[in-house]
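Hi there,

Here is the structure I promised to pass on to you. Have it open while you read, and my notes below will take you through what turned up.

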Amino acid sequence: MIECRDLRKVYTNGDVETVALKGASFSIEKGEFVAIIGPSGSGKSTLMHILGALDSPTSGTYFLDGKEVSKLNDDELSDLRREKIGFVFQAFNLLPRTTVLRNVMLPLLYSNTTEEEREERAKVCLKYAGMEENKFYNLSNQLSGGQMQRVAIARSLMNNPAIILADEPTGNLDTKTSHIVMEAFQELHQKGHTIILITHEPEIAQFAQRVISIRDGIIESDIKKTKK
Ligand SMILES: Nc1ncnc2c1ncn2[C@@H]1O[C@H](COP(=O)(O)OP(=O)(O)OP(=O)(O)O)[C@@H](O)[C@H]1O
Ligand SMILES: [Mg+2]
């Protein structure tokens with residue numbers, strides 16, 4: 001499903017060059033649950049932005065479902081993101097003073113759906129993400145961190161994405177809430193979604209089936225858990 005060959009990413013700010021990725025090669029099959037782990041500044045978010053077709057590598061190739069992503073134009077890239085990818089960001093990016101339900105409905109606002117259809121779909125996604133039903137009409141800024149994260153997961157599911165990319169989804173959560181959120185990801189994995197999750201906590205990475213470690217822009221190890 002995903003194939004990366006020798007991805008390099010160089011950021012240039014004035015005279016300063018930062019090499020964030022120094023040649024990363026790996027592939028990910030449909031239905032895998034992969035954690036990408038590494039210290040701060042190691043290139044995790046850079047890699048996720050490339051995988052999510054939000055940014056392009058300086059060199060190297062990225063194939064998604066057999067298509068070379070760097071050869072696509074802007075329209076094709078946004079189609080690809082809309083059809084295949086769900087994003088969960090660390091900062092949630094929820095609209096404040098807006099209900100849980102409205103936040104989740106948002107990604108389909110400009111799609112060919114009625115308000116009722118969007119609402120129905122949002123409720124399904126919220127339940128899927130383990131969100132309590134009595135919170136659907138709360139404002140998003142009146143939720144706990146774990147609840148906000150579940151809303152963000154629900155929102156990422158609205159387009160029924162084959163791939164879910166999550167950047168530090170438990171970064172701001174306590175241990176117990178982190179585990180609840182990770183169990184939600186495990187369930188999505190069992191339902192067939194491909195999940196790629198970034199974290200800097202080894203304990204969180206253990207929820208995945210495969211752990212790719214990255215350090216200084218280089219893949220250090222890539223370990224698959226043997227099935228029990
Ligand atoms: N837009 C940018 N312009 C210049 N340098 C950048 C940019 N984005 C990231 N970098 C640099 O690239 C390197 C990798 O950054 P990246 O955000 O991928 O790290 P990360 O592994 O996600 O770290 P963290 O765990 O702190 O989120 C860092 O040295 C960072 O300063
Ligand atoms: Mg990051």
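To begin, where is the place of proline 57? Proline 57 sits in the loop between H1 and S4. Please keep in mind as you look around that this is a predicted model.

Is proline 57 buried or exposed? Proline 57 counts as buried because its relative accessibility is 16%, and buried means under 20%. Threonine 58 is found in the loop between H1 and strand S4 (59-64) as well, but threonine 58 is partly exposed, with a relative accessible area of 49%.

Next, the ligand. Which residues are around ligand 1? Among them are Tyr11, Asn13, Thr18, Ala20, Pro39, Ser40, Gly43, Lys44 and Thr46.

- Serine 40 has a polar side-chain atom 2.5 Å from an oxygen atom of ligand 1.
- Glycine 43 uses its backbone: an N or O atom there lies 3.0 Å from an oxygen atom of ligand 1.
- Threonine 46 has an N or O atom in its side chain that is 2.6 Å from an oxygen atom of ligand 1.

On its own, ligand 1 has 640 Å² of accessible area, and the protein covers 62% of it. The elements giving two or more residues to the shell around ligand 1 are strand S1 (2-13), strand S2 (16-28) and helix H1 (44-51). Helix H1 provides the largest share, 3 residues. Sorted by class, the shell has 3 nonpolar, 8 polar and 1 charged.

Then there is the largest pocket. How much space lies in it? The answer is about 440 Å³. Its lining is made of 16 residues, and Ile85, Phe87, Pro107, Arg155 and Asn159 lie nearest its centre. Helix H2 (74-84), strand S6 (85-88) and helix H5 (145-156) are the elements that give two or more residues to this lining. Strand S6 gives the most, with 3 residues. The lining of the largest pocket divides into 8 nonpolar, 5 polar and 3 charged residues.

While you are looking at helix H5, find serine 156, which lies in that helix. Serine 156 counts as buried because its relative accessibility is 4%, and the cut-off for buried is under 20%. A polar atom of the serine 156 side chain lies 2.7 Å from the backbone oxygen of isoleucine 153.

Finally, two backbone angles. Asparagine 160, in the loop between H5 and strand S7 (163-167), has a phi near 45 degrees, a positive value in a residue other than glycine. Aspartate 216 is not a glycine either, yet has a positive phi of about 50 degrees. You will find aspartate 216 in the loop between strand S9 (210-215) and strand S10 (218-224). Aspartate 216 is exposed because its relative accessible area is 51%, and exposed means over 50%.

Enjoy exploring!

Best wishes

Terms used: Residues are numbered from 1 along each chain as its sequence is written. Chains are lettered from A and ligands numbered from 1 in the order in which they are written. This is a predicted model: local features need pLDDT of at least 70, side-chain atom pairs count only at pLDDT 80 or more; totals for chains, interfaces and linings use all residues. Side-chain values use heavy atoms; hydrogens and water are left out. On a 1 Å grid over the protein atoms alone, a cavity is a set of points where a 1.4 Å probe fits but cannot get out, and a pocket is an open set with protein on both sides within 12 Å along at least five of seven lines; lining residues have an atom within 4 Å of a point. Grid points are joined across faces, edges and corners, and a volume is the space filled by probe spheres set on the points. Helices (H or I, at least four residues) and strands (E, at least two) are DSSP runs, numbered from the N terminus. Ala, Val, Leu, Ile, Met, Phe, Trp, Tyr, Cys and Pro count as nonpolar, Asp, Glu, Lys and Arg as charged, and the others, Gly among them, as polar. A residue is near a molecule or strand if one of its heavy atoms lies within 4 Å of it. A polar contact is a pair of N or O atoms within 3.5 Å; within protein, one must be able to donate a hydrogen and the other to accept it, and residues adjacent in sequence count only if both atoms are side-chain atoms. Accessible areas come from the Shrake-Rupley method with a 1.4 Å probe; for residues, only the protein chains shown count as cover. Buried means under 20% relative accessible area, exposed over 50%, partly exposed in between (1.4 Å probe, protein chains only).
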